[in-house]
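Please inspect the sequence and the structure shown here before reading on.

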Amino acid sequence: GFDEWTIVRRIVLPQMLVAITAPLTNFVIILVKETAILSVVTVPELLYHVQTMAAETFTYIEPFLVLSACYWLLVEITSWAGRSVEARITRHLRRA
């Protein structure tokens with residue numbers, strides 16, 4: 001004897017969240033990666049700034065290492081958040 005809203009809130013939504021959490025996390029990670037790949041348009045600007053910095057400080061590798069570390073950290077944080085949400089949502093499945 002549940003009304004329609006209670007059925008949706010108590011039964012349908014929890015099942016939907018379990019089903020979509022992992023694919024949604026993967027989609028966000030892919031979106032982050034493709035957005036970074038699409039930024040190829042700004043490569044000449046980035047190279048100009050790196051060359052300017054290299055001419056002033058005589059360092060060439062460090063700027064690219066910092067950029068790649070920031071990118072890796074962004075993907076890792078997104079992946080960790082997705083795992084955390086998935087673990088929280090699916091914890092009732094482990095009890096059964």
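**Basis of the model**

This is a predicted model, in which local features need pLDDT of at least 70 and side-chain atom pairs count only at pLDDT 80 or more, while totals for chains, interfaces and linings use all residues. Residues are numbered from 1 along each chain as its sequence is written, and side-chain values use heavy atoms, with hydrogens and water left out.

**Overall make-up and confidence**

The protein has 4 helices and 0 strands, and its pattern along the sequence is α-α-α-α. Helices (H or I, at least four residues) and strands (E, at least two) are DSSP runs, numbered from the N terminus. Of the 96 residues, 14% count as buried; here buried means under 20% relative accessible area, exposed over 50%, and partly exposed in between (1.4 Å probe, protein chains only). The protein exposes about 8,100 Å², and carbon and sulfur atoms supply 71% of this area. Accessible areas come from the Shrake-Rupley method with a 1.4 Å probe, and for residues only the protein chains shown count as cover.

The mean pLDDT (the predictor's confidence in each residue, from 0 to 100) is 79 for the protein, and 83% of the residues reach 70 or more. Confidence is highest in helix H1, at a mean of 83, and lowest in helix H4 (residues 91-95), at 70.

**Helices H1 and H3**

Helix H1 covers residues 4-38. Helix H3 covers residues 61-89, and its 29 residues should span 42 Å at 1.5 Å a residue; the end C-alpha atoms are 42 Å apart, which agrees. The expected span is 1.5 Å times one less than the number of residues. The buried residues of H3 are Pro63, Val75, Thr78, Ser79 and Gly82.

Which residues does Thr25 touch, not counting residues up to four places away in sequence? Thr25, found in helix H1, touches Thr78 and Gly82, where contact means heavy atoms within 4.5 Å. Thr25 is buried, with a relative accessible area of 15%.

Thr21 also lies in helix H1 and is buried, with a relative accessible area of 6%. Leaving aside neighbours within four places in sequence, Thr21 is in contact with Gly82, Val85, Glu86 and Ile89.

Ile29, in helix H1, is buried at a relative accessible area of 13%. With residues up to four places away in sequence not counted, Ile29 touches Val75, Thr78 and Ser79.

Ile20 is placed in helix H1 and counts as partly exposed, at 44% relative accessibility.

| Pair | Separation in sequence | C-alpha to C-alpha distance |
|---|---|---|
| Ile29 and Thr78 | 49 residues | 6.7 Å |
| Thr21 and Ile89 | 68 residues | 8.4 Å |
| Ile20 and Glu86 | 66 residues | 9.2 Å |

**A nonpolar surface patch**

Phe2, Ile7, Ile11, Val12, Leu13 and Met16 make a nonpolar surface patch of about 500 Å². Patches are made of residues with over 30% relative accessible area and no salt bridge; like charges are joined within 9 Å, and nonpolar side chains (Val, Leu, Ile, Met, Phe, Trp, Tyr) within 5 Å. A salt bridge is a side-chain nitrogen of Lys or Arg within 4 Å of a carboxyl oxygen of Asp or Glu. Met16 is found in helix H1 and is partly exposed, with a relative accessible area of 42%.
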